[in-house]
Amino acid sequence: MTKLKLSSSEMVKAARARIEEIETTDLIKMVGEPNVVIVDIRDIRERQRTGAIPGSVHAPRGMIEFWVDPDSPYHKEVFAQEGKKYVFHCASGWRSSLTVATLQDMGFDAAHLKEGFSTWAEQGGPVEPVEKK
């Protein structure tokens, strides 16, 4: 196999160096705040298996750039709210760090949950079940 110019862990490290990371305990305090939009980018099967943060928006990782872009035919209005703080999360913080770095490159201001959902419940974060559709 050809050696990669940049590993995924190097990409995550570079992204984390330039984005806002929110600690789990801090985001737990923000749940339900009207000016905060928590965005879950995990796969639907992950959400069904482990649950979700109450009130979070599900936006699959592969569609984020299109859903955020107001000029895209796939744009979602949830991402056009003025004055909102958007906090993205995945399971461990890797995917969400890359996502937020990309969104910042696009001009969309966002933060991410540093540790991801992996420690959410054990740190006292509320979880709601996600039913299979």
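**Burial and aromatic pairs in a predicted model**

Biologist: Is phenylalanine 79 buried or exposed?
Modeller: This is a predicted model. The relative accessible area of phenylalanine 79 is 5%. Buried means under 20%, so phenylalanine 79 is buried.

Biologist: Which residues form one aromatic cluster with Phe79?
Modeller: Rings pair if their centres lie within 6.5 Å. Besides Phe79, the members of the cluster are Tyr86, Phe88 and Phe108.

Biologist: How many aromatic pairs does the rule give?
Modeller: The rule pairs rings of Phe, Tyr and Trp by the distance between their centres. Counted this way, the aromatic pairs come to five.

Biologist: How are the rings of phenylalanine 66 and tyrosine 74 arranged?
Modeller: Their centres are 6.3 Å apart and their planes stand at 75°. Planes over 60 degrees apart count as edge-to-face. The pair is therefore edge-to-face.

Biologist: Which class of accessibility does tyrosine 74 fall into?
Modeller: Its relative accessibility is 47%.

Biologist: What kind of aromatic pair do phenylalanine 79 and phenylalanine 88 form?
Modeller: Centre to centre, the two rings are 6.3 Å apart, with 10° between the planes. Planes under 30 degrees apart meet the cut-off, and the pair is stacked.

Biologist: What is the relative accessibility of phenylalanine 88?
Modeller: Phenylalanine 88 counts as buried. The value behind that label is 0%.

Biologist: Which ring does the charged end of lysine 76 sit over?
Modeller: The charged end is 4.9 Å from the centre of the ring. That ring belongs to tryptophan 67.

Biologist: How far is arginine 42 from the ring centre of phenylalanine 117?
Modeller: Arginine 42 lies over the face of this ring. The distance to the ring centre is 4.2 Å.

Biologist: Is arginine 45 buried or exposed?
Modeller: Arginine 45 is placed in helix 3. Its relative accessibility is 54%. Exposed means over 50%, so arginine 45 is exposed.

Biologist: What separation lies between the C-alpha atoms of arginine 45 and valine 130?
Modeller: Along the chain these two are 85 residues apart.

Biologist: Which residues is glutamate 46 in contact with, leaving aside its neighbours within four places in sequence?
Modeller: Glutamate 46 is part of helix 3, residues 44-50. At 15% relative accessibility, glutamate 46 counts as buried. With those neighbours left aside, its contacts are Gly51, Ala91 and Arg95.

Technical notes. Residues are numbered from 1 along each chain as its sequence is written. This is a predicted model: local features need pLDDT of at least 70, side-chain atom pairs count only at pLDDT 80 or more; totals for chains, interfaces and linings use all residues. Side-chain values use heavy atoms; hydrogens and water are left out. Helices (H or I, at least four residues) and strands (E, at least two) are DSSP runs, numbered from the N terminus. Buried means under 20% relative accessible area, exposed over 50%, partly exposed in between (1.4 Å probe, protein chains only). Contact means heavy atoms within 4.5 Å. Rings of Phe, Tyr and Trp (its six-membered ring) pair if their centres lie within 6.5 Å; planes under 30 degrees apart count as stacked, over 60 as edge-to-face and the rest as tilted. A charge sits over a ring if NZ of Lys or CZ of Arg is within 6 Å of the ring centre and within 35 degrees of the ring normal.
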